[in-house]
Amino acid sequence: QVQLVESGGGSVQAGGSLRLSCAASGFSYSYNCMGWFRRAPGKEREAVASIGTGGGRTYYADSVKGRFTISQDNAENAVSLQMNSLKPEDTAMYYCAISFFGICTVPAGISNWGQGTQVTVSS
């Protein structure tokens, strides 16, 4: 059974940094991509960043470009999201995601989700 375990959420003041990590387990075959989504109160779940197997393809939402960096550890089936210059509008539940056959930029492409980790940015 595929499992995604997230860590690293928390509370920070605007301008601060947080690093989210996600470790995937429970499978022995290759995956297409891993990434992070977020859902703010009253809003739809949106893709934040994703990375293809091998790290060759990355995606960032326009709202986080230049501030967030996604990285991958293929040997460990893990992905991290370094979040700098955080803004109050980054406040959301962040979900790790993996896709074995689809894409990681829309929820419909995701095979499995993590439980989520809360990020709260105060002004």
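Predicted model: local features only at pLDDT ≥ 70, side-chain atom pairs only at ≥ 80, totals over all residues.
**Exercise 1.** State whether Y95, at 13% relative accessibility, counts as buried or exposed, and do likewise for W113 at 29%.

*Solution.* Residues are numbered from 1 along each chain as its sequence is written, and side-chain values use heavy atoms, with hydrogens and water left out.

Step 1: apply the cut-offs, by which buried means under 20% relative accessible area, exposed over 50% and partly exposed in between (1.4 Å probe, protein chains only). Step 2: Y95, at 13%, therefore counts as buried, while W113, at 29%, counts as partly exposed.

**Exercise 2.** Work out how many aromatic pairs a search of the whole structure finds, and describe how Y95 and W113 are arranged as a pair.

*Solution.* Step 1: a pair of aromatic rings is described by the distance of the centres and the angle of the planes. Rings of Phe, Tyr and Trp (its six-membered ring) pair if their centres lie within 6.5 Å, and planes under 30 degrees apart count as stacked, over 60 as edge-to-face and the rest as tilted.

Step 2: Y95 belongs to strand β9 (residues 92–99) and W113 to strand β10 (residues 112–113), so their pair ties together parts that are 18 residues apart in sequence.

Step 3: look for a charge, which sits over a ring if NZ of Lys or CZ of Arg is within 6 Å of the ring centre and within 35 degrees of the ring normal. R45 lies over the face of Y95, at 4.2 Å from the ring centre, and R45 also lies over the face of W113, at 4.2 Å from that ring centre.

**Exercise 3.** Identify the side chains that polar contacts join to R38, and determine whether R38 is buried or exposed.

*Solution.* Step 1: R38 is located in strand β4 (residues 33–39), and its 6% relative accessibility means that R38 counts as buried.

Step 1: a polar contact is a pair of N or O atoms within 3.5 Å; within protein, one must be able to donate a hydrogen and the other to accept it, and residues adjacent in sequence count only if both atoms are side-chain atoms. The side chain of R38 has such a contact with that of E46 at 2.7 Å, and another with that of D90 at 3.0 Å.

Step 2: widen the view to contact, meaning heavy atoms within 4.5 Å. With neighbours within four places in sequence left aside, the residues in contact with R38 include R45, V48, F68, E89 and Y94.

**Exercise 4.** Give the strand order of the open sheet that contains β1, and say which strands stand at its edges.

*Solution.* Step 1: strands of a sheet pair through backbone hydrogen bonds, either parallel or antiparallel, and two strands are taken as paired if DSSP finds at least two bridges between them.

Step 1: four strands form the open sheet in the order β1-β3-β8-β7, with antiparallel pairing. The edges are held by β1 (3–7) and β7 (68–73), each with a single partner strand, so one side of each is left without a neighbour in the sheet.

Step 2: examine β1, which runs antiparallel to strand β3 (residues 18–25) and is joined to it by five bridges; in β3, S25 is the bridge partner of Q3.

Technical notes
Helix = DSSP H or I, 4+ residues; strand = E, 2+ residues; numbered from the N terminus.
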